[in-house]
Number of protein chains: 2
Amino acid sequence: MLSIGMLSQRSGVKVPTIRYYEEIGILKEAERSAGNQRRYRDSDLERLAFVKHARQLGFSLAGISSLIALQEHPDRSCAAAGALARAQRQEVQDKIARLQRLEVELTRISQGCDGQGVAAECYVLASLSDHANCEADHE
Amino acid sequence: MLSIGMLSQRSGVKVPTIRYYEEIGILKEAERSAGNQRRYRDSDLERLAFVKHARQLGFSLAGISSLIALQEHPDRSCAAAGALARAQRQEVQDKIARLQRLEVELTRISQGCDGQGVAAECYVLASLSDHANCEADHE
DNA sequence: CTAATGTCTCTAGTGACTAGAGGTTCAAGA
DNA sequence: TCTTGAACCTCTAGTCACTAGAGACATTAG
């Protein structure tokens with residue numbers, strides 16, 4: 001049995017985060033020692049690894065909850081899991097596209113300023129004031 | 001003079017957000033009508049446009065506060081503004097790089113699932129459980 | 001003058017944690 | 001066995017950038 005500190009170390013998830021996950025039902029309530037401290041088994045470590053990995057991939061905790069529910073009913077169709085993954089992928093692609101447009105503009109803006117002038121004629125500030133300079137429109 | 005609703009309409013920033021910006025000092029306190037309603041002039045519209053544009057570019061409100069402070073002291077060097085813009089650009093670039101790694105993996109994961117099977121042998125769930133399948137490592 | 005719409009303040013909620021206070025339990029060494 | 005110090009407990013509150021809602025007051029068009 002692992003203490004919460006050991007679980008944290010092995011999973012790479014911080015102690016308060018583990019308690020938070022329990023609080024919101026992402027992890028089931030841990031068993032307790034005689035002195036009321038949480039005790040975990042390897043299956044908890046596995047679930048935490050699952051959660052961590054999904055979080056790194058940008059899944060929301062709500063989405064992760066759905067995935068966990070699916071895991072616990074292995075007889076159900078996995079169509080929902082596939083749909084979640086595809087939706088997540090689409091979101092990531094959209095985010096990339098948006099960020100790339102921002103990058104273009106930020107590059108333009110930050111190249112216009114050599115840091116030598118005074119704020120009154122600063123290209124950065126002017127650019128931020130005037131959306132019209134933007135080549136691409138960002139929403 | 002504009003009411004808060006008119007300012008909202010013209011700027012595209014929601015009414016509660018405008019009040020929030022005033023509360024945290026991003027906008028200075030508005031003048032008031034005889035009946036205590038906020039009244040704005042065109043200069044407020046300009047500042048709000050500035051804030052909105054900077055937000056769209058991913059600047060934090062804290063960063064925007066610095067930029068505004070700079071605007072109000074046009075005699076100061078604009079080096080700080082340039083540095084903020086470059087830091088912001090770097091952040092955007094980092095985010096893009098990270099998201100691109102995620103996209104690769106999410107594509108792999110979601111292609112592995114045709115939605116026909118049951119959860120027990122679902123590739124999506126397996127992939128999320130096992131980080132080892134990842135080709136690239138994401139942090 | 002009335003009715004509808006707009007605005008006011010205030011509180012509380014969102015997501016995913018993080019920080020801190022003040023108290024208890026555990027494990028290792030003497 | 002006792003002691004010490006680290007780890008653990010619960011609870012509250014804070015983060016960021018808003019958003020939602022209640023209940024009361026102001027403005028404006030007809």
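Guide: Buried means under 20% relative accessible area, exposed means over 50%, and partly exposed lies in between (1.4 Å probe, protein chains only). The model is predicted: local features need pLDDT of at least 70, side-chain atom pairs count only at pLDDT 80 or more, and totals for chains, interfaces and linings use all residues. Residues are numbered from 1 along each chain as its sequence is written, chains are lettered from A in the order in which they are written, and side-chain values use heavy atoms, with hydrogens and water left out.

Visitor: Why is B:Arg32 called partly exposed?

Guide: The relative accessible area of B:Arg32 is 37%, a value between the limits of 20% and 50%, so the residue is classed as partly exposed.

Visitor: What makes B:Glu22 buried?

Guide: B:Glu22 has a relative accessible area of 12%, and the class requires a value under 20%, so the residue is counted as buried.

Visitor: How do you know that B:Glu22 and B:Arg32 form a salt bridge?

Guide: A salt bridge requires a side-chain nitrogen of Lys or Arg within 4 Å of a carboxyl oxygen of Asp or Glu. The closest N and O atoms of B:Glu22 and B:Arg32 are 3.9 Å apart, so the pair meets the criterion. Helices (H or I, at least four residues) and strands (E, at least two) are DSSP runs, numbered from the N terminus. B:Glu22 belongs to helix H2 (residues 15-23) and B:Arg32 to strand E1 (residues 31-32) of chain B, so the bridge ties together parts 10 residues apart in sequence.

Visitor: Which salt bridge do B:Arg38 and B:Glu22 form, and where do the two residues lie?

Guide: Their side chains meet at 3.1 Å, N to O. B:Arg38 is in strand E2 (residues 38-39) and B:Glu22 in helix H2 of chain B, 16 residues apart. Both B:Arg38 and B:Glu22 are buried.

Visitor: How many residues of chain B are in contact with chain A, and what does contact mean?

Guide: Contact means heavy atoms within 4.5 Å; 53 residues of chain B are in contact with 53 residues of chain A.

Visitor: What is the buried area between chain B and chain A?

Guide: Buried area is the accessible area (1.4 Å probe) that two parts lose on being put together, summed over both. For chain B and chain A this is about 4,400 Å², 71% of it on carbon and sulfur atoms. B:His53, B:Leu106 and B:Leu128 supply 15% of the area that chain B buries against chain A, more than any other three residues.
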